[in-house]
Amino acid sequence: ERVIWKRLADAGKCVELAPEWPKSYVRLSHSLNDLEKYEEAVQACETGLKHEANNIGLKAQLKEAKNQLLLSKLKGKWHGTVPPELGGYDQELEFVDGKTVIVKVFEKKVETRMRLNADEDPAHMDLFVPDAGTETEIYYIAKIDENDVLHMCSPSFENPLSRPRNFEGPAHVTLKRGPQPVDIDDETKAKVAQMSEEEKVINYINEALEIFPGKRLLPYQTDSEQQKNEITLLNIRFQSDNYKITAKYGTDIETLIREYLLGEKAPTSSAVVESVNKLKLKMQEACLLPPDDQLDSFRKQQKEMQNEEASAAAAAAEAALKKAETKLEKSGVPSLENEPKKKTDTESLEKSESPAPAKARSDPFPMLAGIALAVAGLAIVAILLSKKK
């Protein structure tokens, strides 16, 4: 840090001796950036541009300073609710650094890459969302207002590949600082805590039955784009409502019901059997669960997918360890190669930098995530799923 302060002093002296020399302002701004004095770094560039408005170096440094300023304000967690037109679900965004945003929806997290250009007004924010082994780019605009509220606006259904120009319409979302709060009051918590497991299961199912829209919740390839959009929104609203039920009764109850539905466990009473059968029928009507004669193959396919995901995760962890060891070796630190390792079932897998994408599903039924239809868990899930093919 002492070196940076010296560079700052030298740059300040340059500005004092040669106030019309653009490079002195570039150096000054760069040093201020290194000291995390981002607003002053922006001001230094703007002052320099008054002397030479078209200087390429100053323009590039101004863009970098503006990016760093916005990133410093964005860093951390933000939460908000998507408008009803896009599903009305709660979301949480965590800006980890200048390149990574972790999006959390329905307790599912997805790590996305980010590209920021704060030199635009409003700022351009592009998120690169993992999508079946590739990435889908979503074009946002973003700003933080005087009340410290983050505004983000994504493309519309009509123009999913076009960046919006202003913060209007259902794709405009506002977020507040901090993690998404749990919206369960103490009275409800106390009431649920007094229930038996059977009562929780029956109450969970009764509430779940009320949120089904009476239509299928899975789009088919033969559907028109409009039909896919409508079904996607129904799906998201269903998941949002179901997530609230899960938050109320707990993921252990959700998991237990899932096991009842798939025949992995036997219900404990005739009342539970009756409730589970009602839910199964509703889910089959909504295309969230296959017919009874296909449940065995569905269970096997689920297990295979879970094993593939576990294997891919283990392979990625092994690759990350090797990468870390290589870095340590280059830095002169002894390798961890001789350290004892935990044995896994994936030692024979080929090592790769990232997990292999899951195989494409050939059946028309989605994999269950508890009771709800599984989705990517993205703040922009409605736009992602409705993008033009």
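Which residues in helix 6 meet which residues in helix 8? Glu197, Lys200, Val201, Tyr204 and Ile205 in helix 6 are in contact with Ile253, Glu254, Leu256, Ile257 and Tyr260 in helix 8, where contact means heavy atoms within 4.5 Å. This is a predicted model, in which local features need pLDDT of at least 70 and side-chain atom pairs count only at pLDDT 80 or more, while totals for chains, interfaces and linings use all residues. Residues are numbered from 1 along each chain as its sequence is written, and side-chain values use heavy atoms, with hydrogens and water left out.

The secondary structure comprises 11 helices and 10 strands, taken as DSSP runs numbered from the N terminus (helices are H or I with at least four residues, strands are E with at least two). Of the 389 residues in the protein, 41% are buried, with buried meaning under 20% relative accessible area, exposed over 50% and partly exposed in between (1.4 Å probe, protein chains only). Among contacts with a separation of 6 or more, 57% are between residues 24 or more positions apart.

**Helix packing**

Helix 6 (residues 197-210) packs on helix 8 (residues 251-261) at about 80°, with the axes 10 Å apart; axes are lines fitted to C-alpha atoms, for helices over the stretch in contact, and angles run from 0 to 180 degrees between N-to-C directions. The two helices, helix 6 and helix 8, are therefore roughly perpendicular, given that 65 to 115 degrees counts as such, under 35 as roughly parallel, over 145 as roughly antiparallel and the rest as oblique. Their contact holds 7 nonpolar, no polar and 3 charged residues, with Ala, Val, Leu, Ile, Met, Phe, Trp, Tyr, Cys and Pro counted as nonpolar, Asp, Glu, Lys and Arg as charged, and the others, Gly among them, as polar.

Helix 8 also packs against helix 9, at an angle of about 80° and with axes 10 Å apart, which makes helix 8 roughly perpendicular to helix 9. Here Ile257, Tyr260 and Leu261 of helix 8 meet Val272, Val276, Leu279, Lys280 and Met283 of helix 9, a contact of 7 nonpolar, no polar and 1 charged residues.

**Aromatic pairs**

The whole structure contains 2 aromatic pairs, defined by rings of Phe, Tyr and Trp (its six-membered ring) with centres within 6.5 Å, and classed as stacked for planes under 30 degrees apart, edge-to-face over 60 and tilted for the rest.

| Pair | Centre distance | Plane angle | Class |
|---|---|---|---|
| Tyrosine 204 and tyrosine 249 | 5.9 Å | 50° | tilted |
| Phenylalanine 212 and phenylalanine 238 | 4.8 Å | 50° | tilted |

Tyrosine 204 lies in helix 6 and tyrosine 249 in helix 7 (residues 225-249), so their pair ties together parts 45 residues apart in sequence, and both tyrosines are buried. Phenylalanine 212, in the loop between helix 6 and helix 7, is 26 residues from phenylalanine 238 in helix 7, and both phenylalanines are buried.

**Backbone features**

Most residues other than glycine have a negative phi, and most peptide bonds are trans. Aspartate 121 and proline 122, however, are joined by a cis peptide bond with omega about 0°, and proline 122 lies in the loop between strand 4 (108-117) and strand 5 (123-131). Aspartate 148, although not a glycine, has a positive phi of about 60°; this aspartate 148 is in the loop between strand 6 (134-144) and strand 7 (150-153) and is partly exposed at 33% relative accessibility. Cysteine 287 has a positive phi near 65°, is found in the loop between helix 9 (270-285) and helix 10 (295-330), and counts as buried at 10% relative accessibility.
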